[in-house]
Amino acid sequence: MIWFFDGSKDAFLTTFLLAYRDEHPIVSAGSHQLSLGQECVFVRADENKARRCEARLKELDKNCMRDLDLLLRSGESDAPRIAFEYFRLIAERGRPVRGMLAEDAVAKATECIRRVTFEVHRFKGFVRFLESASGALYAPISPDHDIADLLVPHFRGRIPDIPFVIHDVRRGKAAVWDGAHAFLAPLEEAEVVLSADETAWQALWKQYYRSVNIPSRERIRQMKGYMPVRYWKFMPEDPASAADRTARGASVQKSPDAAPRPPGSPRSPHGSPRP
Amino acid sequence: MCYTQSMITEEKLHILTESAKYDVSCSSSGSGRKNAGGIGNGMPDGCCHSFTPDGRCVSLLKILMSNDCVFDCKYCMSRRSCDVPRATATPEEICELTVDFYKRNYIEGLFLSSAVHVSPDHTMEQLVRTVKHLRTKYNFHGYVHLKGIPRADRALVSEAARYADRMSYNVELPSESSLKLLAPQKSKQSLLLPMKQLKSEREIFRAEKRKGYFLPAGQTTQMIVGASPERDGQILRLAQGLYRVTGLKRVYYSSYVPVVEDSVLPAVQSPALREHRLYQADWLLRFYGFDVEELVPAAENLPLEFDPKCAWALRNMHLFPVEVNRAPLEMLLRVPGIGARSAQKILSARRYTALTFEHLQKMRVVLKRARHFITAGGKFYGTKNELSVRELLAAGEAQENARQLSMFENGTALSVRTGEL
């Protein structure tokens, strides 16, 4: 049997309750190629069933709802199935299974969760805010997983007085901090009037990014490993053109870092700065 | 058009960054400074904000206060006798730049260093003033790494530590004689004294449980590798000494890049692989329970064809293979190819079931090297002949190095323990 649900927590828990006794269930939140003669069920969230299921699972593993939340945020198509197998194992063993890494279900779920939390960690660094005329900050992102609201506590902790919006343009939703409350809101397109200094600061950041690079040590593959190309789109430092310039510069002309500088004439020790 | 009062010019930023970038320290970890109204806080795990085409991360705004130097260190492009454009920034310019970059999430904080401008005391005073400004006037609680200026007044050093998260004095060269030759105005004492001063003051501060902060992220240092004749064995002995005596958090190794021409300096860039091996050995000292005596004799370099753990294992084949289901953590950590993360996974999984090779594969423990040194459930899948193990490992390394040198694998869960960030 194929079990479809809408990807929400309650729908998952309802599905779990219904599909638990199915010997070969396929659980999916998106599209699934149906083969001839296969039965399928569309499960709608049932508040009652979901609460019952949640209470029972929490008895078995009091931290398992955090795992579920992260698994359902995954953008990978087989995440719901991985979550189902993981929770089935919890139910079968009647205890937390987190440490049983030799179990297929646990190994897969752990990896899946790790990819989600890793992206959260990455975006703590890769988010780029634009300053609007009102002083509020706006950052468009396009992450693999549904993590926009997970980033809010981090930024709220460091800029509590500045309202900000983290806009997941792929999913059409925004995580908002208005200075007092954090909430999620649907948002397709946003129009931002930039502050007067915004472009000047961006230009300085671009200048900094170019200056701090050491062209004679080109390692673009490593750069892309740490900062995948799909994240570059909203970065004002423009990593693509910097990588391009470095790659061309390294082969054609010797960069100033590789070429020894001729020593100049000695200067007076208290010379004034020569900008 | 520019509305900010003291926005630094692009040209000045370029000059002051250009001269700061060879300092390799990049970490922003170790400080849990709280936001106390205003902007910023510390992130104990550290955070990388961008990566440049040289594969290095941008975590902090790494900048000099001034590159107008009275010292004449041979390897440095800011040295007095070098003809480069000079610039000096004001504390306001640095503060505004830091806060505005930070607000937009470009950076995790400030790494402020300086050439010795006018005099050591004058320079240190400027640095302290800037950081104090940043903390009190701009209410900035993000990460600040401050470079110590050798031969500056003791009181200035203590004051700096009240505002910075981390401070560092660069040892620069691994021996007193090289220092004398290449950095005549610096001496071992001028570098070690303030390090020891800060260490003891920090201990007193902590013992008295005083309010505020005193270098919450401790101290680090940096050594240039390849500009002078010291061997890896000597360098690592110095590093181990520094970890034990001055309680350093980290020693950075910087492959020598020729930016200035001088008869006492080599004209070629030191190979990146040597730097990589030093870092691998450094990790073994700090996180894997190795002692430098086990890794390399004082007068030798680390082998380039194997990583230092592999080399150690090959010298100690009588200790292997170890059984993954029974070996203690300390021994698992000594198996080539098994790192802190894999060792933890094995410890966790084997509490529930007897592990086989299939299990290890499923758990994504990398077995390419490890299989020659372990058994799983009594079964051995490696090569018995030591000579062929050697060949296999060397061949694998060569392939990896040809592909790309990636220092650390991605991941965060163990980032602090493995010191990745």
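This is a predicted model: local features need pLDDT of at least 70, side-chain atom pairs count only at pLDDT 80 or more; totals for chains, interfaces and linings use all residues.
Trainee: What part of the accessible surface of chain A belongs to carbon and sulfur atoms?

Mentor: The accessible surface of chain A is about 13400 Å² in total. Carbon and sulfur atoms hold 52% of that surface.

Trainee: What area do chain A and chain B bury between them?

Mentor: The size of an interface is often given as the accessible area lost when the parts come together. In this model 78 residues from chain A and 91 residues from chain B take part in the contact. Carbon and sulfur atoms account for 56% of the buried area, and the total between chain A and chain B is about 7500 Å².

Trainee: Which residue of chain B meets E131(A) in a salt bridge?

Mentor: The rule finds 5 salt bridges across the interface of chain A and chain B. In the one with E131(A), the N to O distance is 3.2 Å, and the cut-off is 4 Å. The partner in chain B is R104(B).

Trainee: Which element gives the most residues to the side of chain A that touches chain B?

Mentor: Between the two chains, 34 residue pairs are in polar contact. The elements giving two or more residues to this side of chain A are α5 (104-126), α6 (152-158), α7 (198-212), α8 (220-226) and α9 (239-252). The top contributor, with 12 residues, is α7(A).

Trainee: How many residues on that side of chain A are nonpolar, polar and charged?

Mentor: The residues in question are those of the side of chain A that touches chain B. They divide into 21 charged, 19 polar and 38 nonpolar.

Trainee: Why is I94(B) classed as buried?

Mentor: I94(B) is found in helix α2 (residues 91-103) of chain B. Beyond its neighbours within four places in sequence, I94(B) has contacts that include I63(B), L64(B), L110(B) and T130(B). Buried means under 20% relative accessible area, so I94(B) qualifies with a value of 0%.

Trainee: What distance separates the C-alpha atoms of I94(B) and L64(B)?

Mentor: I94(B) and L64(B) are in contact. They lie 30 residues apart along the chain, and their C-alpha atoms are separated by 9.3 Å.

Trainee: Is the peptide bond from F320(B) to P321(B) cis or trans?

Mentor: P321(B) belongs to the loop between α10 (308-315) and β9 (322-323) of chain B. Omega for the bond from F320(B) is near -5 degrees, and the bond is cis.

Trainee: Is K209(B), with its positive phi, buried or exposed?

Mentor: Phi of K209(B) is near 50 degrees, although K209(B) is not a glycine. This residue is in the loop between α6 (188-207) and β7 (219-225) of chain B. The limit for exposed is over 50% relative accessible area, and K209(B) has 74%, so K209(B) is exposed.

Technical notes:
Residues are numbered from 1 along each chain as its sequence is written. Chains are lettered from A and ligands numbered from 1 in the order in which they are written. Side-chain values use heavy atoms; hydrogens and water are left out. Accessible areas come from the Shrake-Rupley method with a 1.4 Å probe; for residues, only the protein chains shown count as cover. Contact means heavy atoms within 4.5 Å. Buried area is the accessible area (1.4 Å probe) that two parts lose on being put together, summed over both. A salt bridge is a side-chain nitrogen of Lys or Arg within 4 Å of a carboxyl oxygen of Asp or Glu. A polar contact is a pair of N or O atoms within 3.5 Å; within protein, one must be able to donate a hydrogen and the other to accept it, and residues adjacent in sequence count only if both atoms are side-chain atoms. Helices (H or I, at least four residues) and strands (E, at least two) are DSSP runs, numbered from the N terminus. Ala, Val, Leu, Ile, Met, Phe, Trp, Tyr, Cys and Pro count as nonpolar, Asp, Glu, Lys and Arg as charged, and the others, Gly among them, as polar. Buried means under 20% relative accessible area, exposed over 50%, partly exposed in between (1.4 Å probe, protein chains only).
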